[in-house]
Amino acid sequence: MASLTGVRGLLAGAVIAAATFFVAPSAAFAHGGVMLEQDECVLRIGPNTMHFIGYQRSGEEAEFCEDIAKTGPTVIALTAVSPDLRDMAIGIRVVKDVGEEKEKTNLDAVTVAYIEPKVYRNGIMTFEHDFKDAGRYAGIVTVRDDLGNEWVSRFPFSVGLYTFWGLIEYILYGVGFFSLLGLMWWMLRAGAKKKTQAGDAIA
C-alpha cells in the first residue's frame, strides 16, 4: 500500500510540474510592452497598467496578447486596470514595424489603424482592424490626463508569421509532453512490478 501511495504522489507531482512547464513558455517568450501575469496580458504604460487582449472571429475564436496567427479581421481590447486611467484619454495607433527611427520620420505613411485618444468611463477601449498583409507591426498606446501629461507604450507583434520563438515554444511543448508520458509509464510499470513482488513474497 505504501508503494502505491508513493507512486500516486509521484504522479501528482509530475502532473503539477508539467502544468508549470506548459504555462512558463508563454511568460518567457513575452516581448515588447506586453507581458503575461496570472493568465492576463498586461500592458504597462507609465505608472499605470492595462489588460490587453485580442481575438479573431474567423473560424475558431482564438485569443492572443502578442503574435497573431493569421491575417484577417481582428478585435483588440484594452481594459484599464489602474483606476486613474478611467479619467484619462486613451488612444492607439497600429503601424508597420519599420523600426522606431524610420517610424518617426513619417508616422502617417506606416500607420495602418489609428484611434484618437478619448476618455472611456467604463475603462474599456475596443476596436477592430482587418490585417490584410502578413508582417511585423507595432502598437503604440497613448494615455493623456487633463493636465496635458502623456505616456506612451510601444509593443511589437507579428501577423501571420511563423516566428522563431513560436517554433521553440512548440518544440518545448512536445518535449515536455512526451517526457511526461515516459515518466508516467515508467512509474506505473515500477509500481506494478513492486506490487507483483510483494504478492509473490506473501505467497
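## A charge over a ring

A charge is said to sit over a ring if NZ of Lys or CZ of Arg is within 6 Å of the ring centre and within 35 degrees of the ring normal. That's what you get with R93 and Y114: the charged end of R93 sits over the Y114 ring, 4.2 Å from its centre. Keep in mind that you're looking at a predicted model.

## The four-stranded sheet

Let's look at one of the sheets. This one is open, with four strands in the order β7-β6-β9-β10, and the pairing is antiparallel. At the edges you'll find β7 (111-119) and β10 (150-159); each has a single partner strand, so one side of each has no neighbour in the sheet. From one strand to the next, the twist averages 15°.

Now zoom in on β6 (residues 89-96) and β9 (residues 135-144). These two run antiparallel and are joined by eight bridges.

## Aromatic rings

Across the whole structure, a search turns up five aromatic pairs. Take F131 and Y137: their ring centres are 5.1 Å apart and their planes are at 75°, so this pair counts as edge-to-face. F131 is buried at 2% relative accessibility, and Y137 is buried too, with a relative accessible area of 5%.

Those two rings belong to a cluster: ring pairs link F52, F131, Y137, F155 and F157.

## A buried glutamine

Q56 is part of strand β3 (residues 48-56). Is Q56 buried or exposed? It's buried, with a relative accessible area of 7%.

What does its side chain reach? A polar atom of the Q56 side chain lies 2.7 Å from the backbone oxygen of K70. The Q56 side chain also makes a polar contact with the side chain of T74, at 3.1 Å.

## Salt bridges

There are six salt bridges in the whole structure. In one of them, the side chains of R154 and E103 meet at 2.8 Å, N to O. R154 is in strand β10 and E103 in helix α2 (residues 100-105), so this pair ties together parts 51 residues apart in sequence. E103 is buried, at 6% relative accessible area, while R154 is partly exposed at 22%. Together with D97, E103 and R154 are linked in a network of salt bridges.

Another salt bridge joins D130 to K132, with the closest N and O atoms 3.1 Å apart. Here D130 is partly exposed at 32%, and K132 is exposed at 64%. E150 and R144 form one as well, with their closest N and O atoms 2.9 Å apart. E150 is partly exposed at 44%, and R144 is partly exposed at 33%.

Definitions and conventions. Residues are numbered from 1 along each chain as its sequence is written. This is a predicted model: local features need pLDDT of at least 70, side-chain atom pairs count only at pLDDT 80 or more; totals for chains, interfaces and linings use all residues. Side-chain values use heavy atoms; hydrogens and water are left out. Two strands pair if DSSP finds at least two bridges between them. Axes are lines fitted to C-alpha atoms, for helices over the stretch in contact, and angles run from 0 to 180 degrees between N-to-C directions. Rings of Phe, Tyr and Trp (its six-membered ring) pair if their centres lie within 6.5 Å; planes under 30 degrees apart count as stacked, over 60 as edge-to-face and the rest as tilted. Buried means under 20% relative accessible area, exposed over 50%, partly exposed in between (1.4 Å probe, protein chains only). A polar contact is a pair of N or O atoms within 3.5 Å; within protein, one must be able to donate a hydrogen and the other to accept it, and residues adjacent in sequence count only if both atoms are side-chain atoms. A salt bridge is a side-chain nitrogen of Lys or Arg within 4 Å of a carboxyl oxygen of Asp or Glu.
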